[in-house]
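Welcome, and do keep the viewer open while you read.

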Amino acid sequence: MARNATPLKTPRKEKVARPPRAGARIARSGWQHRFHAWRLHHRDSALDALRRLRVTPAATAMTVLVIAIALALPAGITVLLENARAATQGWDGNAHLSVFLKPDTDAARQQALASRWGERADVERVDVVTREQALAEFRALSGFGDVIDALPDNPLPPLLIVYPGDTSPEALERLQQQLGDATEVDLVQLDVLWVKRLHAMLEVASRIVAALTLALALAVVLVVVNTIRLAIESRREEIVVVKIVGGTDGFVRRPFLYTGFWYGLAGGLVAVVLVQVALLWIGSPVAQLTSLYESEYSLIGMGFVNALVLPLFAGLLGLMGAWLAVSRHLQDVDPHLL
Amino acid sequence: MIELDRVSKRYPTPGGGGKDALRQVSLQLPAGELTFLTGHSGAGKSTLLKLIMMIERPTSGDIFVEGVSLNRIGSSGIPLLRRKIGMVHQNHQLLFDRSVYDNVALPLIIAGFPRADIGKRVRAALDKVGLLDKEKLNPVMLSGGEQQRVGIARAVVNKPPLLLADEPTGNLDPALSAEIMDLFQDFARVGVAVLIATHDLTLIARYRHRLLSLREGRLVADRDADEDDADGA
């Protein structure tokens, strides 16, 4: 090898010609170059991480699916809850009190009562259902017309339907109390109690889903921690070399952080697909069900924003898992054991 | 260029106490000089290299690289120090998942050199070690001597002022060892401080360079180039 006694060939010849002095000069790069290189390394790390995931498709798919399922579960249930809430929304606005008057109350008294209550501040409107109207309606809807005809007398009481201005539970109860005090009133029935119960149940369910979401998000982080730990293990040699030739911790960390982010993002995207497929799957039975209830209701999907937010959130979870794994395990890969 | 001032390194042992790997070692490595470091295994050669690379820190004493005390360098400054030091390993430490070119380019990418520069510098380094035509190959396809030359190209590609080599000819036959030694001498000639840890006595005898001998962690001999005493190893 003595054939080549000249030092490193470089574009700048004058450096080479310099006599031995305070060591060969270390080549420096400017600030902009440094920033540019930093950006470039981010891009390279991101692409390299992606490429590595593609090299092992089966293992990658497995991890991504685990993440996707863990995310699709709470996301799917949340969508269903949103649907339940939306479907029962209208019922709440319809809250009204059915005020049954004593059977001997005549139509004029009924009308007077209706107009008096109609002027109350906490009442929006009062509908009058006379005994005859009630009978006609009952005959039409119940199918018991023949039985009604067989009765000697109209058994139905006069009815006032009171629509309150304020539908909060307290206001409704107060109104119920006050209307019940009138002498003509037999019974005041609040028709929203079961709606309230339903809403309470939905509230409980959404709390449970929140807890479930938290637990499964943690699971996603742990899955990524473990996956990244294995990745660090398999690239031990490379990490040692990078550290020996002067790679900063950030340089070493970057590809792994991107790997974690990609895992999360991919898992989130697949989760969105899973949820939408599941919604399609139950869509037609739901349509059938709602048509039986003469409702026009149709399922609400995840919505564009949520379909965007979920993968990003998952990406953050992945990043978090990668960060945990890297900060814990990169220390183990020190060049001590060279 | 490099100065060790009464450097000691004690490794703790499981039974308590400790093992002294280096005891009160003081020495200077001037720029432009090639120095052999020798001694039996366990005499402290590797420890000395690790201390200079800041893979380990000394128990006492201080090391100066280009006048900077390593004791004053925190862990965040270690990468910058290592960029001033080219390290050649006995087993090359090449990465077999990428080409020769990418192996040599690694220190430049890490140091943030502009892309256009990287190509020129990598080819200059590969040309220097005579492997310009192998840049696209995977190092696994190269012979042991060629792999070692790739390792050297990687060590010098960013022109560090200091070059450390740990048994660089350990696995090579005499002819290949001579090629490697010629390269190291070339680097010393252009002003690089070169320190070669080896126990290859024929190599040391053939090249009349300065020789440092370690025995049980102590510097027992410091033979200047051209002195006739080959004591110590």
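In chain B, the cover over the buried residues of helix α4 includes α3 (100–111) and α5 (144–156). Please bear in mind that this is a predicted model.

**Helix α4 of chain B**
- The buried residues of α4(B) are B:Ile118, B:Arg121, B:Val122, B:Ala124, B:Ala125, B:Leu126 and B:Lys128.
- Helix α4 of chain B (residues 115–128) has 14 residues, which should span 20 Å at 1.5 Å a residue, and this agrees with the 20 Å between its end C-alpha atoms.
- After α4(B) comes B:Gly130, with a positive phi near 75°.

**Helix α2 of chain A**
- With 25 residues, α2 of chain A (residues 31–55) reaches 35 Å from first C-alpha to last, close to the expected 36 Å.
- Look along α2(A) for A:Ala37, A:Ala49 and A:Leu53, which are buried.

**Annotated transmembrane regions of chain A**
- An unreviewed UniProt entry annotates residues 59–81, 208–228, 261–283 and 303–326 of chain A as "transmembrane region".
- Residues 208–228 of chain A are 100% helix and 0% strand, with end C-alpha atoms 30 Å apart.
- For residues 261–283 of chain A, the end C-alpha atoms lie 33 Å apart, and the span is 100% helix and 0% strand.

**A helix pair in chain A**
- Helices α10 (residues 249–292) and α11 (residues 304–329) of chain A pack with axes 7 Å apart, at an angle of about 145°.
- The crossing of α10(A) and α11(A) is right-handed.
- Their contact involves 19 nonpolar residues, eight polar and one charged.

Terms used. Residues numbered from 1 in each chain as written. Chains lettered and ligands numbered in written order. Predicted model: local features only at pLDDT ≥ 70, side-chain atom pairs only at ≥ 80, totals over all residues. UniProt positions renumbered as here; feature names shortened; annotations may be inferred. Helix = DSSP H or I, 4+ residues; strand = E, 2+ residues; numbered from the N terminus. Expected span 1.5 Å × (residues − 1). Buried ≥ 20, exposed ≤ 12 C-beta atoms within 10 Å, placed from the backbone. Contact = placed C-beta atoms within 7 Å. Axes fitted to C-alpha atoms, helices over the stretch in contact; angles between N-to-C directions. Left-handed = near helix turned anticlockwise from the far one by under 90°. Nonpolar A, V, L, I, M, F, W, Y, C, P; charged D, E, K, R; others polar.
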